[in-house]
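Here is a short report to read alongside the model. Take a look at the chain first, and then we can go through it together.

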Amino acid sequence: MKKRSFTLLMSALTISATLIGTSPVAAKTDTDTATEETTDKEETTAKDADSENTDNKETDASKGDTLEDGTYTAEFDTDSGMFHVNETNDGKGTLTVKDGKMTIHVSLASKKIVNLFVGKAEDAQKDGAEILEPTTDTVTYSDGMSEEVYGFDIPVPAIDEEFDVALIGTKGKWYDHKVSVKNPVKSDDTDAKKDDKENKDADSKADDTDKDAKDSKTSEGKTLADLNLEDGDYTMDVTLTGGSGRATIDSPAAINVEGDKATATIVWSSPNYDYMLVDGEKYEPVNKDGNSTFEIPVSVFDAEMEVTADTVAMSEPHEIDYTLNFDSTTAKEAEKTAK
């Protein structure tokens, strides 16, 4: 009996010792596991953050390195129909990239915008604001007419992103606008120079051809002496070429012959011509009301006679080259009016 009790007691002590010995180990194992999981999560989060930062850096770098140094043609878009690139440039400007900085030069529609500022209008009026001054650009329209307009060199912070540009006009008030620069296409300097040279050579040849043609036409024309017209008043058909093609003159025109001189009365379809140039001489209108009327000498018949007329119809006066051709076969004595 005593032996059995002693055996049971020893078994109980063994079980207790086992339980006491293993519980701390299990607790430690659970704690270590939780710590490791937390550490793993922190390491994963850190790695993800590093990865995201790296991606952002690469994205920023790619934005900064998008355009290499050089000259580009790029679209310049605005939010206003009054503030835009001149129609001769098809909505585009010249983008220059140098040392990572971008600047676009745009020619505007007129001289009504006198300054620009990259930023808000309120900031443009603060002391120390960097106001952009205009350049004077000459643009040539499809009808051959040229005009001086204002252009600006505008710093560009980014491609394909809107940025603020304020403007001030002749009335002295600043206005806010949004602009963007898009679709840059790099210019090939070598090809550009080659094309420019070829264009100049072609223009030179064309000028020579035109000059020879004009000289030929003039030599083929007739003088007043060839017409054997007595002194008096006549009418004669006359055609006008040159300019935009919108202007016309009255035909037949009145021709006065006196001695060895023939004087034509030219009546324009507009009252906006303020003088004419013929063989370097300036002629003023002979009327004050109605369409502009001039009395000019006729140096040649049946051939092109070069003249220049100045119009004030545009924002600024413009001299436009024309040619007149008097058809001597249509010469008729003018009807005498009863006194």
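D143 is partly exposed, at a relative accessible area of 21% (buried is under 20%, exposed over 50% and partly exposed in between, with a 1.4 Å probe and protein chains only). You will find D143 in the loop that links strand 5 (135-140) to strand 6 (146-156); strands (E, at least two residues) and helices (H or I, at least four) are DSSP runs numbered from the N terminus.

Setting aside neighbours within four places in sequence, D143 has contacts with G243, S244 and R246, where contact means heavy atoms within 4.5 Å.

## About the model

This is a predicted model, in which local features need pLDDT of at least 70 and side-chain atom pairs count only at pLDDT 80 or more, while totals for chains, interfaces and linings use all residues. Residues are numbered from 1 along each chain as its sequence is written, and side-chain values use heavy atoms, leaving out hydrogens and water.

## The chain as a whole

The chain contains 4 helices and 18 strands. Of its 339 residues, 27% are buried. Taking contacts between residues at least 6 apart in sequence, 58% join residues at least 24 apart.

## A look at E258

E258 belongs to strand 11, which covers residues 253-258. This residue is exposed, with a relative accessible area of 57%.
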